[in-house]
Amino acid sequence: MERHWAYAWVTLAVALLTYIFKDLGLSFDPANIALIYLLPVLLSAVYWGKGVSYYAAGLGVLAFDFFFVPPFLSFSVSDLRYLVSFIVYFTVAALTASLAARLKRELQYSKLKEAQTASLYAISKQLSAFTDIQALLHNVTAQVSDTFQTEAAIYLTANKEEDEVRVAAASSAASNWGSGEAELVIANWVYRQGRMAGRGTTMLGETTGLYIPLRTEEHIHGVLGVNLGTAVLTADQLRFLEALGGLAASAIVRVKLSEEAKLAHLTAESERIRTAILDSVSHELRTPLAALIGSAGALIEGDSLFSAEDRMSLLTTMQEGALRMNRLVSNLLGIVQLESGMLKLRSKWCDIEDMIGVVLKQVEASISHRRVRVELSTDIPLIQGDEVLLEQVLTNVMSNAIKYSPDYSAITIRAQVEGRSLILMVSDQGLGIAANDRERIFDKFYRSARTGHLTGTGLGLAICKGIIDLHGGIIEVMPNEEGQGTIIAITLPIQQEQVVKSHQEGMEQE
Amino acid sequence: MTASDKGARILVIDDEPQIRKLLKVTLTAHHFDIEEASTGEEGITQASMHPPDLILLDLGLPDVQGLEVMRRIREWTSLPIIVLTAKDREADKIIALDSGADDYVTKPFGMGELIARIRVSLRHVAKTVSEPVLRFGLLSIDLAHRLVELNGERVKLTPTEYDLLKILASNAGKVITQRQLLQQVWGGHTTETEAHYLRVYIGHLRKKLEEDSTRPRFIVTEPGIGYRFQMQD
């Protein structure tokens, strides 16, 4: 369509020039007029290319001959020197036309190159931001799909050991192009051979898809497939696609490497934790075992040597050792359950007051002369939670308060409502926890340096945190402002559908 | 020790020889006659051939599930069964109690606790004539007149509170699960809301009966299981 307009414009221009010089009587030397007829040739070469400019040259010669070369209004030429002029005119026209056309082509080409480079640059910048391989792959397929207006898919192996590639990402969820049997076969061939195949190539050139390997220097990471249908890519488009493939390949390598690094870090971390577990557990298990085995052995072997008092003291040692092992085993089982996700909440309505009663009974024996005070505000509602686990948390916290505080000191359990939360606080006047330990104290196997000679596994608070987290609550440590010591504060959510305890008061008459 | 305990025959069904030995030695020292079974099948056979006065049943048996053993024994007898369980098996305890166990003891257990449970269970079997007035230290419950007195003073209870107290007190020393309480007080099917009310009513009862409701003397909570009315010594 544009072509036709170009020819029409050229015809019009030649006619106009002829009209101006002939009819308006602007008399020029015929040689100058021939030069002026070069004008439409040049212009059309720049704007419309070779074909149109040759047409302009031919039309110009005809008009020149017909109107300006004697005999006028005839194509015959009386003076043979004009034939030389025609030849020169043609040569000049052809040369300028091809030069101008080439210039234009090069300009277009460099513009296209620049656009491609810019878009590749933008894509590469975008790809370098991804840390997740799936997101990266989706972005690449989306880019390809946008550029070529068709479906695209990326094939990768499921893991390092596999040598079969499968669809890892596709540009559109709606179409399942790329996951068909035939497409997978070609993709796998490309992956193994490292050569492109499919539409427009020498290998299976008649299929609809084009498959290029995603390659970095060392090896091939996967395959990029594009559904071209019946179209064939130009050399430029192909180069662009290959460049995109290269970018995608190096981005995939980068993400994979960073994932591997993360994994390596995790492995190192779990190695460290395992060592800590082993150290702590073996010490914590061996000590009470030594006491048990030693005492039992002494009693069996030298029964007659001991007074009744000695015997009782050995037996007490055995009991203490066994109880200590029992605590350790419970804590270890607790942490294993938490970490493996086996611990399921059995949520029911819990009465905090009731729970505190149970906890006080649990720690009764170890309280000795500590003054335990319970301060409950009257508006405390029932909360939804796992009674047994919450009680375990509170028992752990209470046991810590007792363990790390001197005899005759005060321990306060306080419960109050703040907004839609229930806050439970246990404050003691014990060792206290250093500011820089307040976060780490909830890490498993972490024990503050201050605990010194007091034995423990560093599991109790980690279990507490795990359980409170499961309840959607918060457990935190703060210094006790009334002198020294620690406050452990537990915040638990109060459920909206709460039937408030006080509603029930007096609802039933005797 | 009351006369009813003396020479009571106890069948221990547990696969762990160490536990059986421990139970045999200590319970024999407390004048009980002990019989042992190391598997569920053996236990069922022994229980049917020589019915004991009480069964101690480990829930973690290797052959037949402890719960299954209990169901099969319960098919023909109501003799008291106390189950032994691991600490973190709350669900098993509740199922065991709701399907007929009289009480439970958590491993590792103190011998004093176990013997107390055994005595309570034996006593509830022996008590054939129901007494019109239950007395627990300073608390007395007159079942005939629905009157409750503490320290000689009348305590006003709502009908629901009274029903709860009556069930707990007439099973004094024994654990009663939440479900058992809900069924006996509210009857039939129970809902989440009623479980909520149960907490509330127990709270009210404690306020009326206990000096310090965070340190209850009468109604003790068994976390995750239910309540136990404490015997007063």
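Two residues count as in contact if their C-beta atoms, placed from the backbone, lie within 7 Å. By that rule, 22 residues of chain A are in contact with 21 residues of chain B. This is a predicted model, in which local features need pLDDT of at least 70, side-chain atom pairs count only at pLDDT 80 or more, and totals for chains, interfaces and linings use all residues. Residues are numbered from 1 along each chain as its sequence is written, while chains are lettered from A and ligands numbered from 1 in the order in which they are written.

On the chain A side of this contact, the elements giving two or more residues are listed below; helices (H or I, at least four residues) and strands (E, at least two) are DSSP runs, numbered from the N terminus.

| Element of chain A | Residues |
|---|---|
| Helix H9 | 308-340 |
| Strand S6 | 348-350 |
| Helix H10 | 352-367 |
| Helix H11 | 387-403 |
| Helix H13 | 501-504 |

H10(A) supplies the largest share, six residues.

Now for the interior. A nonpolar core is a set of buried Ala, Val, Leu, Ile, Met, Phe, Trp, Tyr and Cys residues joined through C-beta atoms within 7 Å, where buried means that 20 or more other C-beta atoms lie within 10 Å of a residue's own. The largest such core has 53 residues, and Ile55(B), Leu56(B), Leu57(B) and Val83(B) touch the most other members. Helix H8 (residues 192-209) of chain B gives the most to this core, seven residues. Apart from it lies another core, of 42 residues, including Val359(A) and Ile488(A).

Notes: Buried ≥ 20, exposed ≤ 12 C-beta atoms within 10 Å, placed from the backbone.
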